[in-house]
Amino acid sequence: MHKAITDYNKIIIVLSEGYKNKANNFKGGVGNEYKMVIKDFDDHPRKYILLSFDEISDTIFTPFLKGKEVVQISNQDDLERLFGKLMDVPEFEIPKVATSKPEIISKEIPPMFNKEGLIVSELRATSDAGSWQSGGLYVRHVQALSVVIINTSTKTIEGFKVKVEIPKVWQSMIPKLKF
């Protein structure tokens, strides 16, 4: 068994209830073989062909082999499928899809301001007064709002103003602040 697993290009494992019981309990030759198969299967998945003469059901699968492809031999078509696997002939010819990559163009995120050349590099609220909960909302007392705006253009921008609006709903919930 060891020589077959290390030297052969193809190995057929015939699944059955008996194989499952011996493999799960690591008994005898089947148990030793199963240990080697578990270690080798992921490195060489095309090497192993799982075969069943019985109905494919949970009664024949070990936990490790569950979900793997099984060739069930019940007619001539199944034999052709088995021979295809032995000769590494794919069962289906899959056409190539998207042979060329599409050109993806990133979209630019528009600036926060309409003034060309101005960007907000930092926006920070500072507070020493703490916070509280009001009507299900978490409110933070902001003492200072710091906004850093950078002029990235070569022109001087005159008459620039920043307007901070606080919604009326918030004003009614924050009686400590005067607007």
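Set aside its neighbours within four places in sequence, and Y48 is in contact (heavy atoms within 4.5 Å) with I5, I11, I13, V37, D40 and F41. This is a predicted model, where local features need pLDDT of at least 70, side-chain atom pairs count only at pLDDT 80 or more, and totals for chains, interfaces and linings use all residues. Residues are numbered from 1 along each chain as its sequence is written, and side-chain values use heavy atoms, leaving out hydrogens and water.

**Cores**
- Y48 also turns up in the largest nonpolar core, a set of 15 residues in which I13, L15, Y19, Y48 and L65 have the most contacts.
- A nonpolar core here means buried (under 20% relative accessible area, 1.4 Å probe, protein chains only) Ala, Val, Leu, Ile, Met, Phe, Trp, Tyr and Cys residues joined through side-chain atoms within 4.5 Å.
- At least two residues of this core come from each of β1 (11–15), α2 (17–24), α3 (28–41) and β2 (48–52); helices (H or I, at least four residues) and strands (E, at least two) are DSSP runs, numbered from the N terminus.
- There's a second, separate core of five residues, including I49, L51, V71 and L82.

**Sheet**
- The open sheet has three strands, ordered β1-β2-β3, with parallel pairing (strands pair if DSSP finds at least two bridges between them).
- β1 and β3 (70–72) sit at the edges with a single partner strand each, so one side of each has no neighbour in the sheet.
- Five bridges link β1 to β2, and I13 has L50 in β2 as its bridge partner.

**Helix on the sheet**
- Helix α4 (residues 76–86) lies across β1, β2 and β3, at about 145 degrees to β3 (axes are lines fitted to C-alpha atoms, for helices over the stretch in contact, and angles run from 0 to 180 degrees between N-to-C directions).

Definitions and conventions
Buried < 20%, exposed > 50% of the residue type's maximum accessible area, 1.4 Å probe, protein only.
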